[in-house]
Amino acid sequence: MNRSFLLRLWTLAWLTAIWVLLWGNVSAANILGGIGVGLLIMVLLPLPRVPVEGRIHVFSLVKLAVVFLYYAGESSLSVAWLAIRPKAPPVTGVLRCRIAIKSDLVLTLFVDAMNLVPGTMVLEIDRTRRLLYVHVLDMGTQKAVDGFYAYVRNLEKLFIAAFERDSDWKPSPLHYQEYEQYHGVFGDDPVQEVPRDDKKTDDKREGDWT
C-alpha cells in the first residue's frame, strides 16, 4: 500500500461520505451507491495531481490553527461592531499584498484561510508575481490598513513555518515549467528566475520564518 493508493482510498472514502450526507441516511444501499459514484468520478473525472513541495510541521500547524481561530473571532466581533455602530458605513477598498509562499497548494490554503476570516475577501490572484488583491471591509484609517498588512504577514509566516520552510522546500519538476508555458515568465533554465518587473516592493518581509 503505497502513498498513491492510500490517497485514492481516502478520496473514495470522502466522496462516499459526501454521497451519504446528501441522502441524509446511513444505509448499506447509500454506502454502496456512494462507492460506485465515487469510483465513476475518480475514473471519468480524474483531478490533476498537485505536487507537495514541502513538509508539514505539526507544532507549527497547531499554532497556525489557534492563531487563525483568534483572527476569525476577532474579525467577527469587528464586523459586528461596524454593522451596529451609530456611524457612517466604513470605508472599503482593495489592497494589494505580495506573498512569499512558493507552492500553489499552500497558496490556495492561504487564500482559503483569508476568505474564511470575516472582513476580507481575495478578489484576484497573480500567480506569476505572487500578488493578492484583497477587498478589505474597513480601511478608513492608516491604522486599519497597517493592521491588515500586519495580519497578512503574520498569517503568511505561520503558513510558511507549517508547510514550506526553506530547509524542506523541494520544488517539483513542473514548478517552473508551468509558469514558462502559461505565462512566458521564465527562460530555458528552470532554476533561474527573471527578476520581478514591479516598480517597488510592497513591504519588507524581514524576520524569522521558522
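Arg130 is buried, at 7% relative accessibility, where buried denotes under 20% relative accessible area, exposed over 50%, and partly exposed in between (1.4 Å probe, protein chains only). The model is predicted: local features need pLDDT of at least 70, side-chain atom pairs count only at pLDDT 80 or more, and totals for chains, interfaces and linings use all residues. Residues are numbered from 1 along each chain as its sequence is written, and side-chain values use heavy atoms, with hydrogens and water left out.

The side chain of Arg130 forms a salt bridge with that of Asp104 (2.9 Å, N to O), a salt bridge being a side-chain nitrogen of Lys or Arg within 4 Å of a carboxyl oxygen of Asp or Glu. Arg130 lies in the loop between strand 2 (120-126) and strand 3 (131-136) and Asp104 in helix 4, so the pair ties together parts 26 residues apart in sequence. Helices (H or I, at least four residues) and strands (E, at least two) are DSSP runs, numbered from the N terminus. Asp104 is partly exposed, at 24% relative accessibility. Shared partners join Asp104, Arg127 and Arg130 into one network of salt bridges.

Across the whole structure, 6 salt bridges are found. Among them, Arg55 pairs with Asp168 (3.7 Å, N to O). Arg55 lies in the loop between helix 2 (28-44) and helix 3 (58-84), and Asp168 in the loop between helix 5 (142-163) and helix 6 (174-183), so this contact links parts that are 113 residues apart in sequence. Arg55 is partly exposed, with a relative accessible area of 47%, whereas Asp168 is buried at 13%.
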